[in-house]
Amino acid sequence: MEGALVTSNFSMSDLYPSKANAVHAPRSRRLSYISPVASSAAAPNSGYRRKKSTSSPPPSAAATATATATVLTSPPKQVEQQEREERYEARTNNATAKRVATARTSRPSDAPRQQAQSPRPRRRPAASLPVAFCNALEEAINTFVDPPVLRPSVDPRHVLSANFAPVDELPPTPCPVVRGTIPRCLAGGAYIRNGPNPQHLPRGPHHLFDGDGMLHSLLLPVTSDSDPILCSRYVQTYKYLVERAAGEPVMPNVFSGFHGMAGMARGAVMAARVLTGQMNPVEGLGLANTSLAVFGGRLYALGESDLPYAVHVDPATGEVTTQGRCDFGGRLSMGMTAHPKKDPITGELFAFRYGPMPPFVTYFRFDPAGNKGADVPIFSVKQPSFLHDFAVTERYAIFPEIQIVMNPMGMVVGGGAPVGADSGMVPRLGVIPKYATDESEMRWFEVPGFNMMHSVNAWEEAGGEEIVMVAPNILSIEHALERMELVHASVELVRINLRTGNVTRTPLSVGNLDFGVINPGCLGRRNRYGYFGVGDPMPKISGVAKLDFDLAGEGDCTVARRDFGPGCFAGEPFFVPDDVEGNGNEDDGYVVCYVHDEGTGDNRFVVMDARTPELDIVAEVQLPSRVPYGFHGLFVTQAELRSQQHH
C-alpha cells in the first residue's frame, strides 16, 4: 500500500542502504545550548561529546521532546556540562515532565573512539499515550487524507531520490588531491556548503526545503604535503535535537505539510504536541539548512524561518560543531534572512526578517563586532510575500515584492497552501536608505513581470541618481515552490532612476541561470563579472557560466563557461579572490563547488580558474562521501577560521 510505505517505521538506513557504509558510520553527539545565566559563568571548553554507544536506543519522545534549546543572548560560550548532560540524557515516559535543559556546548569524551559498526535499524523508544495518539493521527492524515503519492512534488520517494537522498554524518576524513594543486589563496581555509538532509524518514509529504540542515565542510591544507579534510555534520537545531531524542519526526514540515484540510488537521496535531509538552515552538522550528555567514568573528548557519545558529570549524582538525541558537542579547527575534549582506569596506552586516503578520518586513543591521542595531519596520509592504533575498548599494537597500505571497486563509477557504503564486499582483522594488531609522524615505517602484528570488549585486550610477541591480528573474514563478524542475531563471540588469521613477530591464543571457555569485569585495559597488549555475534543471547545476555585465544590451553576455559533462551536476558555485598571486583584477580568483557524477557515484571538490575562457579546472579533490545537492555555500579563509572567537 502506497501510504503504508511513507508512514512506516523504517530508519534512514533501511530506505537508503548506501548510508550503511561502515567506514563512514557516524558518531552522534549530544549538544544543547547556553542559557543567559550559564553564559555569564561559562568556561572555555572546546570539542564535542560522543555517545558511548551508537547502537543504544534513543530516549523516549515523551521524555525528550521538552528539551529546551535555550537562546544565546550573548556570544556563545562553552561551560562545564556534566550535570546538564545528565539532565538532557534523562529517560522518562512522562510526556508533560518538565526538564530544565539549561545547556551548554559539548566537550570531548575521555572514552576512546568507537570502531565503525554496521548500522542497524533504529529502535523507536516506547511512546507515551499522548505521543502515540499524535502519531496515530498523523499516520491517518498521511494515509487517508493527504497521501504523498497524490502529490509527486512532495512524495519523499521522489524528492529524496538519487543525489537528493540524505547521508549520514561524516567525521573529519582526509581526502586526496587527484588533480593539480590547491591554489595558495585557498590554503588553510574551508569551503562549507549548507543544504537539506532529513534526519528521519518523513511520515508524509516532504518538500526539498523541509530537510534538516547539514554542513559539508572541506578544510584545505596549508601545505601540499597534507590532505584536505571533509567533515559533514548536522546543524544541531532545537528541531534536530528533539527529533533525534524521539527517534522519529515530531515537528511539522512547513513547506509540504500545510495544504488544504490536511494542513488544518496537521496544525491541530501540532497544537496537541505543544499542549502535551512534546515540543516548544518558542525554542524555534527552523532547520538552518539554507546558507552561512561570517560576521563579528563568528560563523553562522542560517535559515530564514529561525534565528541564526552559531557553528564552529576547527582550523586544525576540520571538525564542525554547533554552539547554539543566537538572539544577539535579546535584540533579534523570530528569524533572519538567509541572505544577509556584508559590506566589504565597513564590515557591517545588513539583514531583514519577514512574516505573515504586520509589519511584514523588518530591516536591521549589525555593526562590525556583531552587535545588532534597532529594527526598522516597513509597514508599506502591501501583503506578505516570499522575500528570500534583497540587495544593497553603498547608500541604499533594495527589497523585492514578488508574486509568491503568503495567504494562510487560502488553506482554510480555498483548500490550497498558505504560500503560493498570485498572478494578479504587480511586483515592486522598494528602495530605502541603507542607514534609515524609519521607513519615511522608502520608495516603491512597480516592475511588472520581475520576480527576483536571488540578487547578485547592486550599485549606484549617475552620481547616485540611478540604482543598477543584477538578479535572475523567475519567469515561471508559479512553479518556484512545487515544480522547481520547471523553473527558468533569466538574468537581468534592472536600472531604477530615482529622479524620474523610470525602471528599465535588460536581459543578460538566454540561459537558465541562477545561484549567481561575484567577487565578495565588490558587494554594493559597481562590478563587471558574475558566475552563475546553469540549471539542468534547477536546483541541479550542470555547469558554470561567467557573465560580463559591461556587455549589457549587446546580446548574450556570457564570456566563459564550464560544463561538468554528461551525468555530472553541482550546486551553487562560489568565487574566491586570489589575494596572494593575483594582480588585483576583479576576476583574479577561483570558482569552487562540489560535483557529483550520477553515473559512477564519484564526488569531487572542483577548483576552476575564473580568468580563463573555459573556466579551466586547476585542482580536484576526491571526496570519500557523497555530498547531496543542496543550497548555498561559503569559503571561510584561514584568517577567519583562526579568528573565530573561542566559546
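## Close-ups of a predicted model

View 1. Skip the neighbours within four places in sequence, and L292 is still in contact with I192, R193, N194, L215, L299, Y300, L302, H632, G633 and L634. This is a predicted model, so read every contact here as a computed one. L292 belongs to strand β6, which covers residues 291–295. With a relative accessible area of 8%, L292 is buried; the cut-off for that label is under 20%. For a sense of distance, V311 is 19 residues away from L292 in sequence, and their C-alpha atoms sit 9.5 Å apart.

**View 2. Strands β3 and β33, side by side.** Two of the L292 contacts, I192 and L634, turn up again here: I192 stands opposite L634 of β33. Strand β3 (residues 190–196) pairs with β33 in the antiparallel sense, and the pairing runs over four bridges. Strand β33 itself takes in residues 633–636 and is covered on both faces. On one side you'll find G633 and F635, on the other L634 and V636, and all of them are buried.

View 3. Look for E169 in the loop between α7 (156–159) and β1 (170–174). Its relative accessibility is 4%, so E169 counts as buried. The E169 side chain makes a polar contact with the side chain of R233, at 3.5 Å. A polar atom of the E169 side chain also lies 2.9 Å from the backbone nitrogen of Y234.

**View 4. Helix α8, wrapped up by the rest of the structure.** Helix α8 covers residues 238–246, and nine of the nine are buried, so the helix is largely enclosed by the rest of the structure. Just after the helix comes G247, which takes a positive phi of about 80°.

**View 5. Helix α6 from end to end.** Helix α6 is made of 17 residues, 129–145. From its first C-alpha to its last it reaches 23 Å, close to the 24 Å expected at 1.5 Å a residue. Which of its residues are buried? They are V131, C134, N135, E138, I141, N142 and T143. When you look at that list, keep the helix geometry in mind: an α-helix has 3.6 residues a turn, so residues three or four places apart point the same way.

Conventions: Residues are numbered from 1 along each chain as its sequence is written. This is a predicted model: local features need pLDDT of at least 70, side-chain atom pairs count only at pLDDT 80 or more; totals for chains, interfaces and linings use all residues. Side-chain values use heavy atoms; hydrogens and water are left out. Buried means under 20% relative accessible area, exposed over 50%, partly exposed in between (1.4 Å probe, protein chains only). Helices (H or I, at least four residues) and strands (E, at least two) are DSSP runs, numbered from the N terminus. Two strands pair if DSSP finds at least two bridges between them. A polar contact is a pair of N or O atoms within 3.5 Å; within protein, one must be able to donate a hydrogen and the other to accept it, and residues adjacent in sequence count only if both atoms are side-chain atoms. Contact means heavy atoms within 4.5 Å. The expected span of a helix is 1.5 Å times one less than its number of residues.
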